[in-house]
Structures are given as structure tokens and as C-alpha cells.
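I opened a new notebook page for this model.

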Amino acid sequence: MAMIRARVSILPKRSVFDPQGETVRHALAHFGLASVERVRVGKEIELEIPGEGDLAAIRPRLEAIARDFLSNPVVEEFELHIEAVP
């Protein structure tokens, strides 16, 4: 059965302080990678939807879900990647 796979990558906005990212950045320095200037820690959510639907047609609905339900638009930004999976 054909599937549509959508991945929603959610990161803190660049203008928002990211304490987890800062912690990772400091830890990287201890591993000899002190030149890292910024780290943002986020999450990725993967959705698998049965069917061969039109990717362009489903995109607006998934963008609304990502914006209104999966992320917090006040402090986070998201990227949506959609692909057909045979």
C-alpha cells in the first residue's frame, strides 16, 4: 500500500533562548568542538498516512496541523517535508 510520509521538524525560533541548545553547545566544547557558535535542540515528528494522495493538496492541511497543534508558534518554527513512499 502506498503511503505519504510527512516529517515535521520543530526548532526554537532563533530569537528565543534555547537552554537545551546552550547545554549541548557547552558539552561539545568539552569534546573538542569549541568552535560551535550555536546549537538549537528541537524535535521531529513523523506521520505516515495511507494512500497515494496528491502531495500538494495535503500540504496546506498538514501545515495547519503543524502550526496549530504540533508546534508552539510563539516560540517555535517548523519545517514540513512530505514524500510519497511506495
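I count two strands as paired if DSSP finds at least two bridges between them. Helices (H or I, at least four residues) and strands (E, at least two) are DSSP runs, numbered from the N terminus. The model is predicted: local features need pLDDT of at least 70, side-chain atom pairs count only at pLDDT 80 or more, and totals for chains, interfaces and linings use all residues. Residues are numbered from 1 along each chain as its sequence is written, and side-chain values use heavy atoms, with hydrogens and water left out.

**Sheet.** I found an open sheet of three strands, ordered E2-E1-E3, with antiparallel pairing. Strands E2 (43-50) and E3 (76-85) are the edges, each pairing on one side only. E1 (residues 3-12) and E2 share eight bridges. Across that pairing, isoleucine 10 stands opposite lysine 43.

**Core.** Which residues make up the largest nonpolar core? I noted ten, among them Ile4, Val8, Leu62 and Ile82. Such a core is a set of buried Ala, Val, Leu, Ile, Met, Phe, Trp, Tyr and Cys residues joined through side-chain atoms within 4.5 Å. Buried means under 20% relative accessible area, exposed over 50%, partly exposed in between (1.4 Å probe, protein chains only). E1, H2 and E3 each supply at least two core residues.

**Charges.** I looked up salt bridges (a side-chain nitrogen of Lys or Arg within 4 Å of a carboxyl oxygen of Asp or Glu). The structure holds ten. Glutamate 22 and arginine 25 form one, at 2.6 Å, N to O. These two sit three residues apart in helix H1 (residues 19-30), so about one helical turn separates them.
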